[in-house]
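User: I would like to go through this model one question at a time. Please show the sequence and structure before we start.

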Amino acid sequence: MVEPVTDQVLRAIGEARARYYRLILIVGPAGSGKTAALQKVSALTPAPIINVNLELSHRMLTLTERQRAIKISRIVGDIVTETAADPVFLDNTEILFDVHLHVDPLNLLQRLSRNRTVVATWNGTVGPNGLTYAVPGHPEYRRYPTDDLVIVEAKP
């Protein structure tokens, strides 16, 4: 029997403290249950879920495109730091892939996870060719090797 996504995430959180990057990605296509799984895990902890798209959009509203690209890492870091919780739950991370922000989303999430456990949803796929976001040819397309990543797949 396949272990439920919620149980996989809880197990990964327990094991994360021994890792260099304490990042856990819940990966799956839209509608696969990533947010539902994150909500179930969050309900078992005092940590809230941060809607990255909403928070980041709100904080960057008055910034120019250039200022956004320069300040994105610090702003996301501030959002995470403002919640004293460990683990930190990040949902709706799609804004991090916006090409105008000039940020490497995985690298940013990894840096955030150096000193606290970060559980983030990732709207994409994982397979033999690695972790992907979007499809080849799309401006936001990204592909990463899965070495040293803790990935929990949410399947529709």
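User: Does Arg22 count as buried or exposed?

Analyst: This is a predicted model, and in it Arg22 sits in the loop between helix 1 (5–16) and strand 1 (23–28). Leaving aside its neighbours within four places in sequence, Arg22 touches residues including Asp86, Ser113, Asn115 and Val118. Buried means under 20% relative accessible area. Arg22 has 12% relative accessibility, so Arg22 counts as buried.

User: How many of the six residues of strand 1 are buried?

Analyst: Both faces of strand 1 are covered. On one side Leu23, Leu25 and Val27 are buried, and on the other Ile24, Ile26 and Gly28 are buried. Strand 1 is therefore largely enclosed by the rest of the structure, and the number of its residues that are buried is six of six.

User: Which residue is the bridge partner of Leu25 in strand 4?

Analyst: Strand 1 and strand 4 run parallel and are joined by six bridges. Within strand 4, the bridge partner of Leu25 is Ala120.

User: Which residue of strand 7 is the bridge partner of Val27?

Analyst: Strand 1 is also joined to strand 7 (residues 150–153), by four bridges, and these two strands run parallel. In strand 7, Val27 has as its bridge partner Glu153.

User: In strand 6, which residue is the bridge partner of Leu131?

Analyst: Strand 5 pairs with strand 6 (residues 142–144) as well, in the antiparallel sense and over three bridges. The partner of Leu131 in strand 6 is Tyr144.

User: How many nonpolar, polar and charged residues has the contact of helix 4 with helix 5?

Analyst: Helix 4 passes helix 5 in a right-handed crossing. Helix 4 contributes Ser73, Val76, Gly77 and Val80 to the contact, and helix 5 contributes Leu108, Arg111 and Leu112. By class, the residues are four nonpolar, two polar and one charged.

How values were computed: Residues are numbered from 1 along each chain as its sequence is written. This is a predicted model: local features need pLDDT of at least 70, side-chain atom pairs count only at pLDDT 80 or more; totals for chains, interfaces and linings use all residues. Side-chain values use heavy atoms; hydrogens and water are left out. A crossing is left-handed if the near helix is turned anticlockwise from the far one by less than a right angle, and right-handed if clockwise. Contact means heavy atoms within 4.5 Å. Ala, Val, Leu, Ile, Met, Phe, Trp, Tyr, Cys and Pro count as nonpolar, Asp, Glu, Lys and Arg as charged, and the others, Gly among them, as polar. Two strands pair if DSSP finds at least two bridges between them. Buried means under 20% relative accessible area, exposed over 50%, partly exposed in between (1.4 Å probe, protein chains only).
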